[in-house]
Amino acid sequence: MARSQAEESFAIFKQLDDKGATAGLLLHLGALAADQGEYTKALTLLEESLAINRELAYKSGTADSLFNLARAGYFSGGDLVKARQLLEESFAIFNLLGDRESLAYCLCLSGLLTLEQGDTTSAYSLIEQSVAFFKERRQKHGMALSTASLAKVIAAQGDTTTARVLYEESVLLAMKADDRLNIASALEGLAIIVATQGAYTRAARLWGSAEALRESINAPQ
């Protein structure tokens, strides 16, 4: 429903040649497409948003578009070097704007990209900073996302006991924020951990719950 309304608004603003509103809606639709696993579509929409924001010299919109392009690149398993470059440019602009919340999201994504390179120590440090900021602000979405990301790093370091506690904490935080996408992601991470600990029945239930949640929001893994 929300997506169809946004697409209708996009058509209207484009017809009116309202470039600022068009760029904002392209960003929104691109981020939504990424959440729903439509990465090719997401990248196309976000690149168009970026081009318009650059043309209009909208720093915040440019940084948001860059961040979401990096995020889509990471989750799609695409060019991670390019994703890193996009993220670094986004971080620089957010830093210039003094947007600390967006910087915390950048730190979290940077940690995940660093983890992909096998550097768990640096990944931990980056994501730990993100967790600290969101906890300080009591921002539940950011807390849920960064806590699950930290759990992923700790699991990669071999500490499944701590990772399990953090994934469980992330699930509760995401539930409080009514953030079903992050609930599903944290449940999947938790399922992997409990499976490695031999709790196969519980792992199957967790995966089933995550799959049902993803289907309810049209967000395939």
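Three aromatic pairs occur in the structure, a pair being two rings of Phe, Tyr or Trp (its six-membered ring) with centres within 6.5 Å. Planes under 30 degrees apart count as stacked, over 60 as edge-to-face and the rest as tilted. The rings of Y74 and F75 have centres 4.9 Å apart and planes at 70°, so this pair is edge-to-face. Y74 is buried, at 8% relative accessibility. F75 is partly exposed, at 46%. Buried means under 20% relative accessible area, exposed over 50%, and partly exposed in between (1.4 Å probe, protein chains only). F133 and F134 also pair edge-to-face, at 5.6 Å centre to centre and 75° between the planes. F133 is buried, with a relative accessible area of 7%. F134 is buried as well, with a value of 0%. Y105, F133 and F134 make up one aromatic cluster.

The model is predicted: local features need pLDDT of at least 70 and side-chain atom pairs count only at pLDDT 80 or more, while totals for chains, interfaces and linings use all residues. Residues are numbered from 1 along each chain as its sequence is written, and side-chain values use heavy atoms, with hydrogens and water left out.

The largest pocket holds about 1,500 Å³ of space. A pocket is an open set of points on a 1 Å grid over the protein atoms alone, where a 1.4 Å probe fits and protein lies on both sides within 12 Å along at least five of seven lines. Grid points are joined across faces, edges and corners, and the volume is the space filled by probe spheres set on the points. The lining comprises 50 residues, each with an atom within 4 Å of a point. D35, R71, F75, L181 and N182 lie nearest the centre of the largest pocket. By class, the lining has 29 nonpolar, eleven polar and ten charged residues. Here Ala, Val, Leu, Ile, Met, Phe, Trp, Tyr, Cys and Pro count as nonpolar, Asp, Glu, Lys and Arg as charged, and the others, Gly among them, as polar.

Several helices each supply at least two lining residues, including helix 1 (2-15), helix 2 (19-35), helix 4 (59-76) and helix 6 (100-116). Helices are DSSP runs (H or I, at least four residues), numbered from the N terminus. Helix 10 gives the most to the lining, with nine residues.

N182 belongs to helix 10. N182 is buried, with a relative accessible area of 10%. The side chains of N182 and H141 are joined by a polar contact of 3.4 Å. Such a contact is a pair of N or O atoms within 3.5 Å; within protein, one must be able to donate a hydrogen and the other to accept it, and residues adjacent in sequence count only if both atoms are side-chain atoms. Beyond neighbours within four places in sequence, N182 is in contact (heavy atoms within 4.5 Å) with H141, L145 and A174.

N53 sits in helix 3 (residues 39-56). N53 is buried, at 5% relative accessibility. Residues up to four places away in sequence aside, N53 touches A23, Y58, G61, T62 and S65.

Backbone geometry was also examined. Most residues other than glycine have a negative phi. R138, not a glycine, has a positive phi of about 55°. R138 lies in the loop between helix 7 (120-137) and helix 8 and is exposed, at 71% relative accessibility. D178 likewise has a positive phi, near 55°. D178 lies in the loop between helix 9 and helix 10 and is exposed, with a relative accessible area of 62%.
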